[in-house]
Amino acid sequence: MIDFELTDDHESLVQTVREFAGREVAPHIKEWDEKQQFNRAILNKMAELNLLGVCVPEEWGGAGFDYVSLGLVCEELEYVDTSLRVIMSVHTGLNCLTLYSWGTDAQKQKYLAPQAKGEKIATYGLTEPGAGSDVVGARSVARREGDEWVLNGEKMWISLADVADNFLFFCWTDEEKRRKRDHTGMSCFIVERTMPGFSSGTIHGKMGIRAGNTGYFSLQDVRVPAANMVGEEGEGFKIAMFALEQGRYTVAAGATGVIRASRDASVAYAKERETFGVKIANHQLVKQKIAEMEADYQMARLLWLRAGWLKNEGRPNGRATSLAKWQATVRSEKAASMAIEVHGANGYSNDYPVERYLRNCKAAVIYEGTRDIHTLMQADWALGLKSEKPARVTLPPYRPTESREAVAAD
Ligand SMILES: Cc1cc2nc3c(=O)[nH]c(=O)nc-3n(C[C@H](O)[C@H](O)[C@H](O)COP(=O)(O)OP(=O)(O)OC[C@H]3O[C@@H](n4cnc5c(N)ncnc54)[C@H](O)[C@@H]3O)c2cc1C
């Protein structure tokens with residue numbers, strides 16, 4: 001069964017997001033980027049459109065769309081600005097889908113449902129000042145005291161750190177295993193901003209995603225009930241990797257939007273700018289750049305759509321998602337850079353959007369697994385050194401609810 005058609009549901013969602021981002025964000029994004037200003041009101045508008053829980057089942061407060069819809073939202077949002085897609089990545093991809101898959105019913109009721117409705121904003125805290133790719137190099141710890149856990153640690157480079165209400169926090173719960181770098185000594189907890197001992201701040205001076213919030217948070221003797229542990233004790237590393245599989249998918253789809261935006265800006269400029277008495281669209285080397293952007297767009301889109309389809313089917317997709325993320329992000333950087341060249345000196349100024357595309361998309365080559373990490377993983381998969389092992393918990397396949405089926409039948 002191969003079907004390359006989007007459903008009517010998908011098409012109308014794309015239209016909604018396109019109109020929203022075009023109306024509410026595109027006219028202001030240059031100013032927000034220049035002022036390094038995160039616009040909180042955007043979160044409320046995304047919540048009103050049910051975007052923040054787009055692929056969370058209605059039962060848990062979401063809109064009940066499939067996982068391909070999550071990708072479509074990300075591609076459309078990042079077509080306008082990366083900061084919008086980052087919200088979807090950390091809130092919906094990394095946090096909500098993790099709670100949906102690994103959370104207890106009580107956790108879903110208390111945390112997932114308000115998050116899916118956009119009443120609470122959530123993010124994901126794995127990286128530390130001394131540990132990014134090397135997850136087991138983390139120093140954050142938790143110790144058990146009766147029915148509570150006492151959490152301590154510093155998380156760095158966290159998207160929405162200074163904005164979010166709820167956080168996934170990864171740390172060591174077994175000191176012996178920490179010394180041996182045995183990842184089965186790590187666990188995952190839900191932390192709320194309002195808990196005593198929580199503090200956060202914003203990182204300034206970023207190269208890109210300046211309209212987004214990126215920061216750090218610190219936990220000092222933060223007490224959480226034992227019920228706030230996600231999964232079982234010792235499953236933190238697996239949960240972190242599971243979450244990244246969902247986050248990487250959103251990053252792949254978003255980076256695909258950057259390639260399309262770079263192509264469209266280049267096409268528009270090439271049809272207008274004249275040199276040597278002709279539109280620059282007539283010069284073969286300009287055409288070549290546009291052709292490469294088009295090819296990269298189509299390839300990147302097919303890769304993330306395939307990963308989304310695998311998610312819908314409930315099939316293993318770690319390898320496909322990693323490939324989609326790796327290829328879309330490196331190709332987005334290439335597309336944005338070429339788009340600047342197509343614009344000549346104008347591309348080097350923020351009078352045109354393409355320099356922002358390049359500053360923004362560079363981060364995606366680094367986060368959620370650097371280019372190097374994905375290159376090595378893909379090589380290991382190809383060499384048979386790595387495999388997708390059966391997991392205790394997997395992302396539930398997409399099951400349309402009656403109301404979604406009724407929409408599809410209309
Ligand atoms: C804008 C932004 C937002 C972010 N948001 C979040 C967030 O919401 N939550 C979160 O937890 N984190 C977030 N991060 C952090 C991000 O995930 C890390 O930066 C990333 O994992 C890389 O870690 P690092 O920066 O410590 O680099 P390092 O791990 O120190 O890597 C440095 C260099 O060494 C290379 N390298 C490292 N190990 C290997 C190896 N084994 N083999 C080959 N090469 C290697 C890397 O590829 C890289 O080139 C964000 C980062 C940015 C820039």
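Is Leu-51 buried or exposed, going by its C-beta neighbours inside 10 Å? Leu-51 has 28 of them and so counts as buried. The cut-offs run as follows: buried means 20 or more other C-beta atoms within 10 Å of the residue's own, exposed means 12 or fewer, and partly exposed lies in between, with C-beta atoms placed from the backbone.

## Basis of the model

This is a predicted model, in which local features need pLDDT of at least 70, side-chain atom pairs count only at pLDDT 80 or more, and totals for chains, interfaces and linings use all residues. Residues are numbered from 1 along each chain as its sequence is written.

## Domains

The protein chain is divided into domain 1 (8–121), domain 2 (123–237) and domain 3 (240–402). These bounds come from an automatic or database domain assignment. The centres of domain 2 and domain 3, taken over C-alpha atoms, are 29 Å apart.

Domain 2 puts 11 residues in contact with nine residues of domain 3. Contact here means C-beta atoms, placed from the backbone, within 7 Å of each other. On the domain 2 side, the touching residues divide into eight nonpolar, three polar and no charged. Nonpolar covers Ala, Val, Leu, Ile, Met, Phe, Trp, Tyr, Cys and Pro; charged covers Asp, Glu, Lys and Arg; the others, Gly among them, are polar.

## Ligand shell

The ligand is surrounded by 22 residues. Thr-127, Gly-132, Ser-133, Thr-370 and Asp-372 are the closest. A residue is near a molecule or strand if its C-beta atom, placed from the backbone, lies within 6 Å of it. Strand S1 (122–125), strand S3 (148–159) and helix H12 (371–382) each give two or more residues to this shell. Helices (H or I, at least four residues) and strands (E, at least two) are DSSP runs, numbered from the N terminus.

Domain 2 and domain 3 each supply at least three residues of the shell. By class, the shell holds 11 nonpolar, eight polar and three charged residues.

## Nonpolar core

The largest nonpolar core has 123 residues. Such a core is a set of buried Ala, Val, Leu, Ile, Met, Phe, Trp, Tyr and Cys residues joined through C-beta atoms within 7 Å. Val-73, Leu-151, Phe-189, Ala-252 and Trp-304 touch the most other members. Helix H8 (residues 236–272) gives the most to this core, with 16 residues. In soluble globular proteins, nonpolar side chains tend to be buried together.

Trp-304 has contacts beyond four places in sequence with Gly-71, Tyr-249, Ala-252, Ala-253, Thr-256, Ala-324 and Ala-328.

## Helix H4 and its surroundings

Helix H4 (residues 67–80) has 14 residues. From first C-alpha to last it reaches 21 Å, close to the 20 Å expected at 1.5 Å a residue. The expected span is 1.5 Å times one less than the number of residues. Of the 14 residues of H4, 14 are buried, so the helix is largely enclosed by the rest of the structure.

Leu-51 sits in the loop between helix H3 (41–48) and H4. Leaving out residues up to four places away, Leu-51 touches Val-17, Met-46 and Val-73. Ala-21 belongs to helix H1 (residues 8–25). With 24 other C-beta atoms within 10 Å, Ala-21 is buried. Its contacts, again not counting residues up to four places away, are Ala-26, Glu-76, Leu-77, Val-80 and Leu-84.

## The H2–H3 loop

Gln-36 lies in the loop between H2 and H3. Its phi is near 50°, a positive value in a residue other than glycine. Gln-36 counts as partly exposed because it has 15 C-beta neighbours inside 10 Å.

Arg-40 is placed in the loop between helix H2 (29–35) and H3. Arg-40 has 10 C-beta neighbours inside 10 Å, so it counts as exposed. Arg-40 and Val-163 are 123 residues apart in sequence, yet 8.3 Å apart in space, C-alpha to C-alpha.

## The H7–S5 loop

Arg-181 is in the loop between helix H7 (175–179) and strand S5 (186–192). Though not a glycine, Arg-181 has a positive phi of about 55°. Arg-181 is exposed, with 10 other C-beta atoms within 10 Å.

His-183 is also found in the loop between H7 and S5. With 19 other C-beta atoms within 10 Å, His-183 is partly exposed. Beyond four places in sequence, His-183 contacts Val-136 and Phe-237. His-183 and Trp-172 are 11 residues apart in sequence and 8.5 Å apart in space, C-alpha to C-alpha.

Note on methods:
Contact = placed C-beta atoms within 7 Å.
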